[in-house]
Structures are given as structure tokens and as C-alpha cells.
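This briefing goes through the symmetry, the domains and the contacts of the structure shown here. Please keep the sequence and the coordinates at hand while reading.

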There are 2 protein chains.
Amino acid sequence: MLEATTGQGLRATGRRMTRTRKAVLALLERTHQPLSASEIFSQLQEADVAIDLVTVYRTVNVLKEIGLVVQLDLHQEGQSRYELKEGRKHHHHIRCQICGKIVDLLLCPLKKLTKLIEARTQFIVGDHTLEFSGLCPQCQ
Amino acid sequence: MLEATTGQGLRATGRRMTRTRKAVLALLERTHQPLSASEIFSQLQEADVAIDLVTVYRTVNVLKEIGLVVQLDLHQEGQSRYELKEGRKHHHHIRCQICGKIVDLLLCPLKKLTKLIEARTQFIVGDHTLEFSGLCPQCQ
DNA sequence: CCATTATTGCAAGTCTATTGCAAATAACAC
DNA sequence: GTGTTATTTGCAATAGACTTGCAATAATGG
């Protein structure tokens, strides 16, 4: 059982662990692709979990706020995707331009670069987005 | 005068250099920030150039297709921005989370990383997005 | 200048995501 | 378990970015 589904993080912020939130977390747990809100919606429908698309949006936002879920804005997709955080290290992704498959890149090369950018621009760097797209082995 | 506004790139693809396309190119030339479609629209209105928002969208798409303009998807902005290419080197940006100022980063550290990703994932890498956000010197 | 064909403006539509509000339900005290 | 209360949900409506259909307009080539 996911630590998350016991609801500590939620209750600690005055929120409740509900059936729909459990269902979204469980779906994200058994899915190994970052999912969009509409994908979460339709996959839960197929699994006979009654949930409104609006509730999906509200749920992923809450899960993001309490740090259980990460929001991804992949390269020119026009929609956000969500994946479980679950103590995983910060990482990036590559997405196949043809079949849409998304693969994790288990690295982030940007720590040194962040220092360099801060020195050059005088900004304080807060966050970054790094996403690749290309052709996966099957689609080449 | 911008090379672009003479229209070779357009005519070479069976397209025409029109007053509105010139106006969009000229605006992008004199503006040193990447602009969104709605910003292009409103700034042209202020400059008394009659143009429809729909035409702005179609124009930036054409300019992107013929390679005069680059489309940026900045970090969780929910809209695209456009900047002139004009022979400039591929580069990335940092955006202030408070005032929205966007500064060019005149570097791209990803050539070696691209090779590494191709070796590890067997993808052929086609493109990437790398955008930073943070606090600019004035907003700190 | 004329004919052809690309381009524009307007209206309507699509898609992602958000908000208001009444009804449902989880958490908690008893 | 029962009841109370605040959170959460579903539905409808709305917002914002962007696209499409189509008739009217305007740029090019002869």
C-alpha cells in the first residue's frame, strides 16, 4: 500500500483522504507513464470508478500542493501531465513524437549550470523545465 | 530593414508578404522580449495596426514554418511566446516569477547530454525544451 | 489592369482548465 | 452507531488559448 493513500499528508493540511483521491493515487501508482487529467479521467472510467473530470483537476492540484505528485509540462503538448513523486529523485523525460511514449531520464545535469546562470544573470533560479522529444526505438 | 520583411522566405513557399506579416515581424524586431499572441495583438492595436487575433495566430505559425520565428513554451505559462530567429544561435531563457521579465541565456549545455541520452534510451533526440524561472534582480 | 490564389476578418467551435453552488460524504466528538 | 461540521464532489457555467469554415479582401504574376 502506498504510504500516500493512508492520508497523513492530507490530514496534516486539514484535508481528507477520499475514495476518489485514493483512486487517482492508485492509478498513478500502477501506471508507469505520466498521465494527463483527461487520461486519468478516462482510465478511471474504464476501471468503473465514477469521477468527474473537474474532480480530477482538483485532485491533482491538491496532490501537487501537498507534494505527492509532480506536474510536468512536456514539450508542446498543450496539457499537463502528473506523476507520483514517492521519494523519487528530480528527473526529466523524453517523449516520442510519434507514439507519445514517455521515458524517464534518470539524471539532471543542471546544478552547475544553475550556478553559472545565477552568476551571469543575477537571477535567483527557482525552477527549471527540461524535456526532450524525439523518436523512440520502435518508431524510428 | 529586416531581411525577413523583403519576403524571400515567404515567396519561396508560395506565400505572400502582406502588411500584417510585416507588422508582426517589425514588432518582433523592435521588441526585445518574446511575445505571446495576445501581446502581439494588443501591441499592434496600440500602434494602430488593424489586425485580428486569429490572424496573429496564423501569422506566427507561418513565420515559424518558414523558420523566421521560434516558438517558446516557457515554464507553466499556459501560452506560447514567439521571438525572431534572425540567424541567432539556439538559446534558452529565464523568466522572473514575479514581474515576468524574460532574459536570454546565451548558451545551451545539452549537446553532450543529447548524445548520452541517445546512447541510454535508444531514442533519436529531435528537440528539447529548457527554461528556467526564478527571481530577477529587481524582484528579489 | 486583370485574373488567380493566398490571406484576412468574423463567427463559431475545440480543448484544457477553473469557478460557483448545492448536494454528498469524510472526520470527529459523543 | 449517531449527529455535527467542514471538506469534497458533481454539475453547469465560465475562462482562456488556439483552431476552423467561409465569404470578402488583397497580393502576386502576366
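Copies are superposed by least squares on the C-alpha atoms of residues with pLDDT of at least 70 in both. On that basis, chain A is brought onto chain B by a rotation of 180° with 0.0 Å of shift along its axis, at an RMSD of 0.1 Å. The two copies are thus related as by a two-fold rotation axis.

This is a predicted model, in which local features need pLDDT of at least 70 and side-chain atom pairs count only at pLDDT 80 or more, whereas totals for chains, interfaces and linings use all residues. Residues are numbered from 1 along each chain as its sequence is written, chains are lettered from A and ligands numbered from 1 in the order in which they are written, and side-chain values use heavy atoms, with hydrogens and water left out.

**Symmetry and the interface of chains A and B**

- Among the residues of chain A, Leu130(A) comes closest to the rotation axis, its C-alpha lying at 2.2 Å.
- With contact taken as heavy atoms within 4.5 Å, 37 residues of chain A touch 37 residues of chain B.
- The copies meet through the same surface, because 100% of the interface residues of chain A are also interface residues in chain B.
- Buried area is the accessible area (1.4 Å probe) that two parts lose on being put together, summed over both, and for chain A and chain B it comes to about 3,000 Å², with 68% of it on carbon and sulfur atoms.
- Phe123(A), Thr129(A) and Phe132(A) supply 21% of the area that chain A buries against chain B, which is more than any other three residues.
- Between chain A and chain B, 10 residue pairs are in polar contact, both residues being at pLDDT 80 or more.

**Domains of chain A**

- Chain A is divided into domain 1 (1-88) and domain 2 (89-140), with bounds that come from an automatic or database domain assignment.
- The contact between them takes 11 residues from domain 1 of chain A and 13 residues from domain 2 of chain A.
- The area buried between these two domains of chain A is about 960 Å², of which carbon and sulfur atoms give 51%.
- Domain 1 and domain 2 of chain A are joined by 2 salt bridges, and Glu77(A) and Arg95(A) meet through their side chains in a salt bridge at 2.7 Å, N to O.

**DNA strand D**

- Counting a residue as near a strand if one of its heavy atoms lies within 4 Å of it, 22 residues surround DNA strand D, and the closest are Thr18(A), Thr20(A), Arg21(A), Thr55(A) and Arg58(A).
- Of the atoms of DNA strand D that come within 4 Å of the protein, sugar and phosphate account for 67%.
- Phosphate oxygens of DNA strand D lie 2.3 Å from a polar side-chain atom of Thr55(A) and 3.0 Å from a polar backbone atom of Asp52(A).

**DNA strand C**

- Around DNA strand C there are 22 residues, of which Arg16(A), Arg16(B), Thr20(B), Arg21(B) and Thr55(B) come nearest.
- Sugar or phosphate makes up 72% of the atoms of DNA strand C within 4 Å of the protein, and the rest belong to bases.
- A base nitrogen of DNA strand C lies 2.7 Å from a polar side-chain atom of Arg16(A).
- Phosphate oxygens of DNA strand C lie 2.4 Å from an N or O atom in the side chain of Thr55(B) and 3.0 Å from a backbone N or O atom of Asp52(B).

Conventions
Salt bridge = Lys/Arg side-chain N within 4 Å of Asp/Glu carboxyl O. Polar contact = N/O pair within 3.5 Å; in protein donor to acceptor, adjacent residues only side chain to side chain.
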